[in-house]
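Student: I would like to learn how to read a structure feature by feature. Could we take one model and work through it?

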Amino acid sequence: MNYYSLNKKAPHVDFKQATIKGQAPDKGLYFPERLPLLDKSLIDNIESISNEEIAFQVIRPYVGEAIPEQILFDIVSQTINFNIPLVSVSPNVYALEMFHGNTLAFKDIGARFMSRCLGYFVKDNNKKVTVLVATSGDTGGAVADGFYGVEGVQVVILYPSGKVSSVQEKQLTTLGKNINAIEVNGTFDDCQKMVKQAFADEQLCSSLFLTSANSINVARWLPQQFYYFLAYKQWHDKKNPPVISVPSGNFGNICAGLLAMKTGLPIRHFIAACNANDVVPKFMKSNQYHAQQSVATISNAMDVGDPSNFIRIVEMFDHDIYKLREVLTAVSIDDDSTRNAIETVEKNHDYLMDPHGAVGYIALNQYLQKYQHLQGFFAETAHPVKFYDVVEPIIKKEIPLPPVVADIVNKPKIATSMDADFAQLKDYLLSL
Ligand SMILES: *Cc1c(COP(=O)(O)O)cnc(C)c1O
């Protein structure tokens, strides 16, 4: 499989090059040249096929010759080695729990898959690869965990001092080995700027093999399809496919779901559940796309004013808003409704949602009220304990720490402090 740039001004590349480069030289996102049609027997027999085999069959056409089959099978097996249960919440409404990986958010699958692919691609390099990434919270933990111990890869994560939660900071700073955390005296934007300067620096790029683990990387985007196939495997009523509501920020997760549907997975309809950052809901109404400044909400992983992956969705539907509206509804949910849903669902259904999942829950319920013969699920994208500072005051209870987190909160933090100064970062990288 080859990939082209959505800006159409860069050469086509294979999966290996797309993974190593991340973004095309013309700054476009990579997109597969053709969408593979799935073998119908995979869908018809899905309940009797192992999770590993399903994931392997889904991803194989996108990887093509770039990774031998046995190695690819091992990579997907390691990628999905945690539970992804579909649980009942309220009448006609289920939750797909995507948060049982090591860092308690759905980004684990993308990070685990990408890190292992990159590890394979650089195996025979004599130069070590350095993955450089800036994080505002969840991405850094998933990348750190995914790349931990991968041979031939050094990871450098920049995070803004005092601006990530204590759990998130521990996830970045307690691993050691090939994971290096840099605590920047500045904001997330400063971190991002320093990373961009590094990629533009000729001396750095010639002495290091520098790459990014950004969420637009095809090796992070494509494996997110696994969630939707494994959900369908558990879906109780195969004759009536589910409506799926996905809490969306950068639109990578829902874009993977739509790709799964396009290539043959039975899904009734998708709902993009957004918070107050409503660029896409406005676009779906008006057919006018206006990027906005992001606004802060309690579902902060979705505070995105110009979602990078939405362009891939538009491409998938041939830039035709009418086609898109048939399969996708987008709505915006405010913080008060989100708090209210967390409280009432905990009280009435004994199910605790995180703020992102709660946005998905509300959007799904609104849709099912209109179409009462349908059923569906929402993506529960993070464990509520990750956002305990929001959730605990709402339910007036403490959320017990799951073992993966309980282990790390007592480990010592190891991070290099730095000003928001590119010269300092450059010295650091050259001395690695
Ligand atoms: C990243 C994130 C999202 C948004 O996912 P996108 O793929 O960017 O749309 C939603 N919920 C949580 C918990 C996240 O970490």
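Student: Is His-319 buried or exposed?

Tutor: First, this is a predicted model. Burial is read from relative accessible area, where under 20% counts as buried and over 50% as exposed. His-319 has a relative accessible area of 52%, so it is exposed. His-319 lies in the loop between H14 and helix H15 (321–327).

Student: How do E4 and strand E5 pair?

Tutor: To read a pairing, look for the direction and the bridges. E4 and strand E5 (residues 93–97) are antiparallel, with four bridges. Val-87 has Ala-95 of E5 as its bridge partner, and Ser-90 is bridged to Val-93 of E5.

Student: What is the strand order in the open sheet of six strands?

Tutor: The order is E4-E5-E13-E10-E11-E12, and the pairing is mixed. Strand E4 (86–90) and strand E12 (328–332) are at the edges; each has a single partner strand, so one side of each has no neighbour in the sheet. On average, neighbouring strands of this sheet are turned by 25° against each other, direction ignored.

Student: Which helix packs on the sheet, touching strand E10, strand E11 and E12?

Tutor: Helix H12 (residues 252–262) does, in contact with strand E10 (243–247), strand E11 (269–274) and E12. The direction of H12 makes about 175° with that of E11.

Student: Which strands does strand E1 pair with?

Tutor: Strand E1 (residues 2–5) pairs with strand E2 (residues 13–14) in the antiparallel sense, over two bridges. Tyr-3 stands opposite Val-13 of E2. E1 also runs antiparallel to strand E3 (residues 30–32), joined by three bridges. Tyr-4 has Phe-31 of E3 as its bridge partner.

Student: Which residues of helix H4 are buried?

Tutor: The general idea is that an α-helix has 3.6 residues a turn, so residues three or four places apart point the same way. In helix H4 (residues 69–79) the buried residues are Leu-72, Ile-75, Val-76, Ser-77 and Thr-79. These buried residues pack against helix H3 (51–63), helix H5 (107–121) and helix H11 (225–234).

Student: Back to the loop between E10 and H12: is Ser-248 buried or exposed?

Tutor: Ser-248 has a relative accessible area of 4%, so it is buried. Its side chain reaches the backbone oxygen of Val-246 at 2.8 Å. Leaving aside neighbours within four places in sequence, Ser-248 is in contact with Ile-254, Ala-272, Ala-273, Cys-274 and Met-302.

Student: Which residues are closest to the ligand?

Tutor: Of the 15 residues that surround the ligand, the closest are Lys-107, Asp-138, Gly-249, Asn-250 and Phe-251. For contacts of the backbone, look at distances from its N or O atoms. Such an atom of Asn-250 lies 2.8 Å from an oxygen atom of the ligand. For Phe-251 the distance from a backbone N or O atom to a ligand oxygen is 2.9 Å, and for Gly-252 it is 3.1 Å.

Student: How much of the accessible area of the ligand does the protein cover?

Tutor: The ligand on its own has 380 Å² of accessible area, and the protein covers 95% of it.

Student: Which residues does Phe-310 touch?

Tutor: Phe-310 belongs to helix H14 (residues 310–316). With a relative accessible area of 2%, Phe-310 is buried. Not counting residues up to four places away in sequence, Phe-310 touches Asn-250, Phe-251, Val-280, Phe-283, Met-284, Tyr-289 and Leu-324. Among these, Asn-250 and Phe-251 also belong to the residues closest to the ligand.

Conventions:
Residues numbered from 1 in each chain as written. Predicted model: local features only at pLDDT ≥ 70, side-chain atom pairs only at ≥ 80, totals over all residues. Heavy atoms only, no water. Pairing = 2+ DSSP bridges. Axes fitted to C-alpha atoms, helices over the stretch in contact; angles between N-to-C directions. Contact = heavy atoms within 4.5 Å. Buried < 20%, exposed > 50% of the residue type's maximum accessible area, 1.4 Å probe, protein only. Near = heavy atom within 4 Å. Polar contact = N/O pair within 3.5 Å; in protein donor to acceptor, adjacent residues only side chain to side chain. Areas by Shrake-Rupley, 256 points an atom, 1.4 Å probe, with all protein chains shown as cover.
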